Amino acid sequence: VGVAELLAEARRHRRALEHAGALAARRGERRRGELEALLVDEFRRRLQHGLADGAVRAIFDEVVAGARDPYSAATAMLPMLSLDRA
């Protein structure tokens with residue numbers, strides 16, 4: 001198989017993906033994944049920053065010590081780490 005044949009096959013495959021909508025679906029999934037990763041990274045950054053704060057740190061330490069369950073702690077901490085603040 002030569003380069004020309006390989007290129008023609010790659011183009012045929014791309015057209016098939018485009019026709020089936022698979023290429024657009026893959027791109028959409030990739031964009032969704034990128035956005036999710038950005039949001040998770042930002043939330044982690046805010047969590048690390050929040051752990052330096054007394055209130056967030058105190059709740060975190062209560063969970064570690066077994067004095068508070070993780071679910072109620074998360075409910076209490078989420079407003080403190082909100083993504084709607086810059």
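In which helix does Val56 lie? Val56 lies in helix α3, residues 54-65; helices here are DSSP runs (H or I, at least four residues), numbered from the N terminus.

Before going further, a word on the model: it is predicted, with local features needing pLDDT of at least 70 and side-chain atom pairs counting only at pLDDT 80 or more, while totals for chains, interfaces and linings use all residues. Residues are numbered from 1 along each chain as its sequence is written, and side-chain values use heavy atoms, with hydrogens and water left out.

Val56 counts as buried because its relative accessibility is 1%; buried means under 20% relative accessible area, exposed over 50% and partly exposed in between, using a 1.4 Å probe and protein chains only. Ile59, also in helix α3, counts as buried at 8%.

Leaving aside neighbours within four places in sequence, Val56 is in contact with Gly50, Leu51, Met77, Met80 and Leu81, where contact means heavy atoms within 4.5 Å. With residues up to four places away likewise not counted, Ile59 touches Arg68, Ala73, Ala76, Met77 and Met80.

The C-alpha distances of two pairs can be set side by side:

| Pair | Apart in sequence | C-alpha to C-alpha |
|---|---|---|
| Val56 and Glu9 | 47 residues | 56 Å |
| Ile59 and Ser72 | 13 residues | 9.5 Å |

**The core**

Val56 and Ile59 belong to the largest nonpolar core, which has six residues in all and also includes Leu51, Ala73, Met77 and Leu81. The elements giving two or more residues to this core are α3 and α4 (70-77). Such a core is a set of buried Ala, Val, Leu, Ile, Met, Phe, Trp, Tyr and Cys residues joined through side-chain atoms within 4.5 Å.

**Helices α1 and α2**

Helix α1 (residues 3-20) packs against helix α2 (residues 22-51) at an angle of about 80°, with the axes 5 Å apart. The two are therefore roughly perpendicular to each other, a term covering angles of 65 to 115 degrees, with under 35 counted as roughly parallel, over 145 as roughly antiparallel and the rest as oblique. On the α1 side, Arg14, Leu17, Glu18 and Ala20 meet Ala22, Leu23, Arg26 and Arg27 in α2.

After α1 comes Gly21, with a positive phi near 80°.

Notes:
Axes are lines fitted to C-alpha atoms, for helices over the stretch in contact, and angles run from 0 to 180 degrees between N-to-C directions.
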